[in-house]
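Colleague: I have not looked at this protein before. Could you take me through it by question and answer?

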Amino acid sequence: MTTAEATGRPVDRAAAVLVCPSCRVSLDGSYTCAPCGTRGHRVGGQLRFAGFADAELRDDPLNRIKERVKRSFGPVYPLAIQLVSPVLLRRFIRPFLASFDLDRDLVADLGSGTNRYDPRVLCVDGGTYANVDIVGDLRTLPIGDGALAGIVSVAVLEHVPDPQAHVEEMWRVLRPGGRVLCYVPFMQPFHASPYDYQRYTQAGMKTLFGRFDVLSVRVGAGPTSAMLWTLQEWLALLLSFGSRRLYRGLIPLMWLLSPVKFLDVLLARHPSAAVAASGFVVEARKPPEARP
């Protein structure tokens, strides 16, 4: 990467590696593919190629809550989410990002949602959230082969109908020797945002990333988080007496129990924590000799 490419916002740095999400032809800094006619467009600092319809995000109750909390808490939103969420994620993302030179290495958060871990990380999502740099389908990314040094994917693969297709796309856009960090839930209640399809065991994660060199599969969120989220849902169901409206009203009250999750600081370290973990995180590398 040249010095010119290494400066500026990640969306501007990504412009040099844009390809048509349909036929993989280089877009050469434009947003329209001449051979097939696929069109993208830029809205401010955001490139849009596909993604969810606005109605899909608007009709999702969980997403509405996230957006309301974000507007209410502003810059302290990440801290607010950590406090009210029933899941205590072990701090694995920042050390992973710190292993890259983010001023030069292009690292993407695929399925970033409303999060941005670092201003130098390229945020890609199906929703047109304000922090997202590229809006598109994660199965057909408008990013060239081998263009990324690293990928972060947190709580995304459970929300897609074909996770293997997403993992194959990660393989394509990673350069040889590039690494991916992916968190996927194991024991968690259903949570559509806007959809929810599957869960993975520790062995399942290794199989899902079988084409990669799997460097580690760790407990990402511990057994207390698994128990607490289930308990919150169970109490809301029990106390709502069959009323969906009352159930939705009770869920935020159940978040008062969320501090219990901090027991995972100890319990997630138990040698058998994987038996009842809330989720796992895999770190995997595309072999240096690999081809797209």
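Colleague: How many helices and strands does the protein have?

Modeller: This is a predicted model. Of its 292 residues, 48% count as buried. The secondary structure comes to 10 helices and nine strands.

Colleague: What share of the contacts with a separation of 6 or more comes from residues 24 or more positions apart?

Modeller: Take the contacts in the protein between residues with a separation of 6 or more. Residues 24 or more positions apart account for a share of these that comes to 71%.

Colleague: Which strands stand at the edges of the sheet?

Modeller: Nine strands form an open sheet with mixed pairing, in the order S1-S2-S5-S4-S3-S6-S7-S9-S8. An edge strand has a single partner strand, so one side of it is left without a neighbour in the sheet. The strands that stand there are S1 (41-43) and S8 (213-221).

Colleague: Turning to S9, how many of its seven residues are buried?

Modeller: Strand S9 covers residues 279-285. Seven bridges join S7 to S9, and seven bridges join S8 to S9. S9 is mostly covered, and the number of its residues that are buried is six.

Colleague: Which residue in S9 is the bridge partner of Leu 181, and which stands opposite Ala 221?

Modeller: S7 and S9 run antiparallel, and the bridge partner of Leu 181 in S9 is Glu 283. S8 and S9 also run antiparallel. Opposite Ala 221, the residue in S9 is Gly 279.

Colleague: At about what angle does helix H6 run to S7?

Modeller: Helix H6 (residues 163-173) lies across strand S3 (107-110), strand S6 (148-154) and strand S7 (174-185). Relative to S7, H6 runs at about 150°.

Colleague: Where on helix H9 do the buried residues lie?

Modeller: H9 takes in residues 244-254, and its buried residues are Leu 250, Ile 251 and Met 254. Seen down the axis of H9, these fall within an arc of 120°, so they line one face of the helix.

Colleague: Which helix is included in what covers them?

Modeller: The residues in question are the buried ones of H9. What covers them includes helix H8 (223-240).

Colleague: Is Arg 139 buried, exposed or partly exposed?

Modeller: Arg 139 lies in the loop between strand S5 (134-135) and S6. Its relative accessible area is 38%. Buried means under 20% and exposed over 50%, so Arg 139 is partly exposed.

Colleague: What is Arg 139 in contact with, leaving aside neighbours within four places in sequence?

Modeller: The C-alpha atoms of Arg 139 and Asp 162 are separated by 8.6 Å, with the two residues 23 apart along the chain. With its neighbours within four places set aside, Arg 139 is in contact with Arg 24, Ala 165, His 166 and Glu 169.

Notes: Residues are numbered from 1 along each chain as its sequence is written. This is a predicted model: local features need pLDDT of at least 70, side-chain atom pairs count only at pLDDT 80 or more; totals for chains, interfaces and linings use all residues. Side-chain values use heavy atoms; hydrogens and water are left out. Buried means under 20% relative accessible area, exposed over 50%, partly exposed in between (1.4 Å probe, protein chains only). Helices (H or I, at least four residues) and strands (E, at least two) are DSSP runs, numbered from the N terminus. The arc is that of the directions from the helix axis to the C-beta atoms. Contact means heavy atoms within 4.5 Å. Two strands pair if DSSP finds at least two bridges between them. Axes are lines fitted to C-alpha atoms, for helices over the stretch in contact, and angles run from 0 to 180 degrees between N-to-C directions.
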